[in-house]
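Here is a short report on one protein chain. It follows the strands, a loop, a helix and the packing between them.

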Amino acid sequence: MKTQFAVIGLGRFGGSVCRELYQLGHEVLAIDTNESKVNEFTTHATHTVIANATDEKALTSLGIRNFDHVVVAIGDNIQSSVLCTLLLKELGVPNVWVKAQNDYHHRVLEKIGADRIVHPEQDMGIRIAQHLSSEKIIDYIELSDEYSIVELVATSKVADQTLADLDIRATYGATVLAIKSGEHMNVSPLPTDIIRLNDILIVIGHNNDLNRFEREGL
Ligand code: ADP
C-alpha cells in the first residue's frame with residue numbers, strides 16, 4: 001500500500017515539501033486556508049483542499065486519521081500550529097512532523113506528542129555557515145549532537161593517494177563512506193582506491209574528529 005501524505009500550510013516550506021513528495025511519486029493531500037495558495041498546488045499534489053486545519057470537524061471529514069504522515073507547516077501562527085498538531089495526534093495520525101518557529105514552540109510540540117519537530121531555517125543556516133566557514137565542506141548532515149556526515153573536497157594534500165595510504169580511520173577516527181569522482185559514485189570504497197584531486201569524500205564521524213580531519217588532513 002502507498003504511504004499517504006498530507007501537508008498542512010502551503011507556504012515556502014510546506015509548499016516545497018508538498019511539491020517534492022508529489023514529484024517523488026507519493027500521494028499527497030495539500031491543505032491550506034488560502035484559496036489562491038490551494039489553486040497554485042492543483043498540479044503539485046494529488047488532491048488539494050481549502051480547509052482550516054484547526055477545525056476538528058474539517059480534519060475528520062477529510063479522513064485525516066487515515067493518513068500515515070502529516071506535515072504541519074503553518075507559518076507564524078504558533079497557536080494554530082499547536083492546536084492542529086494536538087488534533088492530529090488525538091485523531092491518531094501516526095507520524096506528525098511539525099515546523100517549529102522557536103524553542104518555546106518546539107517545547108510545546110514535544111509535550112503534545114509531535115513525532116518530529118523541524119527548524120528548517122536554523123538547519124539551513126547551520127549548513128550554509130559550515131559551507132562558508134570552510135571551502136572544503138560541500139555539505140553537512142547532523143546525525144546527532146555529536147556525530148555528522150560531511151562532504152569534503154579532496155585537496156592536493158590527499159590527491160593521488162589510496163585510502164590505505166591515508167589511513168583516515170586510524171589517524172582521525174573518521175570513516176570514508178563514499179567517494180564521488182565527477183559523476184561516478186563509489187559507495188563501497190576499497191583501501192586500494194585512489195583519491196583524485198577535487199573528488200568529494202563523504203565522511204562519517206564524531207564532530208571533533210571530522211573537524212580535525214578537515215583542518216589537518218585535507
Ligand atoms: P513559510 O514560512 O514556510 O513560508 P508561511 O507563513 O508563508 O510559511 O505559510 C504558512 C501557510 O499556512 C500559509 O499559506 C497559510 O495560509 C497556511 N495556514 C495558516 N493557518 C492555517 C490553518 N489553520 N489551516 C491551514 N492552513 C493554514
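## A strand pair and its crossover

Ile 31 stands opposite Val 49 in β3. The chain runs from β2 through helix α2 (residues 35-40) to β3, a β-α-β crossover that is right-handed. The two strands, β2 and β3 (residues 47-50), pair in the parallel sense. Four bridges join them. The model is predicted.

Asn 52 sits in the loop between β3 and α3 (56-61). Is Asn 52 buried, partly exposed or exposed? Its relative accessible area is 38%, so Asn 52 counts as partly exposed; the limits for that class are 20% and 50%.

Thr 33 lies 19 residues from Asn 52 along the chain, yet their C-alpha atoms are separated by 5.3 Å. With neighbours within four places in sequence left aside, Asn 52 is in contact with Thr 33 and Ala 58.

## Helix α1

Helix α1 covers residues 12-23, 12 residues in total. From first C-alpha to last it reaches 16 Å, close to the 16 Å expected at 1.5 Å a residue.

Which residues of α1 are buried? They are Gly 14, Gly 15, Val 17, Cys 18 and Leu 21. Seen down the helix axis, these buried residues fall within an arc of 160°, so they line one face of α1. They pack against β1 (4-8), β2 (27-32) and β4 (69-72). Arg 12 and Gln 23 are exposed on the other side of α1. Just after the helix, Gly 25 takes a positive phi of about 95°.

The largest nonpolar core holds 25 residues. Ile 8, Leu 59, Ile 64, Val 70 and Leu 88 touch the most other members. Elements that give two or more residues to this core are β1, β2, β4, α4 (78-90) and β5 (95-99). Helix α4 gives the most, with four residues.

Take Ile 8. Beyond its neighbours within four places in sequence, its contacts include Ile 31, Ala 53 and Leu 59. Val 70, Val 71, Val 72, Ala 73 and Ile 74 are also among the contacts of Ile 8.

Definitions and conventions. Residues numbered from 1 in each chain as written. Predicted model: local features only at pLDDT ≥ 70, side-chain atom pairs only at ≥ 80, totals over all residues. Heavy atoms only, no water. Expected span 1.5 Å × (residues − 1). Buried < 20%, exposed > 50% of the residue type's maximum accessible area, 1.4 Å probe, protein only. Arc of directions from axis to C-beta. Contact = heavy atoms within 4.5 Å. Core = buried A, V, L, I, M, F, W, Y, C linked by side-chain atoms within 4.5 Å. Pairing = 2+ DSSP bridges. Right-handed = clockwise from strand over helix to strand, strands pointing away.
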